[in-house]
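Hi,

Here is the structure we talked about, ready for you to open. Have a look at it, then read on for what turned up.

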Amino acid sequence: DSTALLDFIAQSLLPAIDAKYRTNGFRIMNGFTGNAGLVIYTLLNRPELFNAYLAASPVLSNDFAYVMKSAAQKLERIQGKPRYLMLTTSDSDFEQRQLVDFAALESLLETSNHPALHYQVKRFDGTYYMTQPILATAYGIEWLFDDYHRVLAPDSKIASGGVPAIVEHYRYLSEQKYGFAVPSTDSLIALADAEFAKDKDKGLAVYQAAVKANPESHSAHDALARAYGELKQFDLAVTQQKLALAKTDHPFWTRKYSESLAAFEAKQRH
């Protein structure tokens with residue numbers, strides 16, 4: 001049960017990768033068959049090395065890498081910042097020898113106490129064996145980054161708590177899950193749009209909160225400009241639209257914001 005390989009990963013491999021490539025601090029370990037067994041071994045023994053672990057069709061039989069022998073005890077040692085595990089398999093002929101242990105590991109995940117570990121188990125029954133790493137990677141990436149890309153629905157549990165709950169949610173994602181900034185802009189704007197349709201004052205307050213929480217976001221300033229425009233407060237709309245324009249150099253947005261600014265300025269003069 002030597003951890004020499006994990007020492008090498010921690011002390012040499014990861015620092016070398018960080019020194020050469022533009023990494024962002026969120027690390028994913030991904031493996032297939034024997035390498036997937038190593039993925040689980042790493043999670044159990046050095047969970048802090050990676051943020052997420054994708055294990056496709058892991059070799060578990062004959063207590064490979066001591067995973068099954070130590071899993072019950074070591075799963076409960078996973079503490080601190082959240083860690084993520086995607087565990088996948090299928091019913092292909094090549095995986096039949098692993099399915100009993102796979103089911104046992106799944107049962108351990110369901111019954112052991114590991115509040116810092118978030119996991120998902122998926123079966124790709126009926127698919128080819130050699131497609132397993134592709135499917136596991138694709139589904140794993142979608143699962144991991146869903147809360148980054150998915151805008152909170154205004155009636156969702158989090159958004160129902162209002163601006164403070166949304167801001168806190170994205171603070172958690174930024175500081176605890178990812179380690180890099182995850183903007184709350186789109187979710188706050190979605191809530192603002194919903195509130196504005198029902199109550200202009202309440203909606204305006206949320207647009208303003210979106211700008212306060214994301215002052216460098218061109219889309220937050222644009223949304224607030226749009227709200228001021230609907231309220232016929234064109235001086236304020238012009239100010240916010242100019243800020244939106246100043247905070248992006250993307251051709252699509254600069255053209256769109258320039259057109260909006262011209263429209264607000266025309267209404268301002270009248």
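**The cavity**

Helix H2 is the biggest contributor to the lining of the largest cavity, giving three residues. Before going on: this is a predicted model, where local features need pLDDT of at least 70 and side-chain atom pairs count only at pLDDT 80 or more, while totals for chains, interfaces and linings use all residues. Residues are numbered from 1 along each chain as its sequence is written, and side-chain values use heavy atoms, leaving out hydrogens and water.

On a 1 Å grid over the protein atoms alone, a cavity is a set of points where a 1.4 Å probe fits but cannot get out; a pocket is an open set with protein on both sides within 12 Å along at least five of seven lines; lining residues have an atom within 4 Å of a point. Grid points are joined across faces, edges and corners, and a volume is the space filled by probe spheres set on the points. Helices (H or I, at least four residues) and strands (E, at least two) are DSSP runs, numbered from the N terminus.

The whole structure has one cavity of 30 Å³ or more, and about 40 Å³ of space lies in the largest cavity. Its lining consists of Ile-40, Leu-43, Leu-44, Leu-75, Leu-85, Leu-105 and Leu-109. Helix H2 (34–45) and helix H4 (99–111) are the elements that give two or more residues to this lining. By class, the lining has seven nonpolar, no polar and no charged residues (Ala, Val, Leu, Ile, Met, Phe, Trp, Tyr, Cys and Pro count as nonpolar, Asp, Glu, Lys and Arg as charged, and the others, Gly among them, as polar).

What is the volume of the largest pocket? About 220 Å³ of space lies in it. Of its 15 lining residues, Tyr-148, Pro-183, Ser-184, Thr-185 and Asp-186 are the closest to the centre. The largest share of the lining, three residues, comes from H8, and the lining divides into five nonpolar, seven polar and three charged residues.

**The sheet**

Four strands form an open sheet in the order S1-S2-S3-S4, with parallel pairing (two strands pair if DSSP finds at least two bridges between them). Strand S1 (28–32) and strand S4 (117–123) stand at the edges with a single partner strand each, so one side of each has no neighbour in the sheet. Strand S3 (residues 83–89) pairs with S4 over seven bridges, and the bridge partner of Tyr-84 in S4 is His-118.

Happy exploring!
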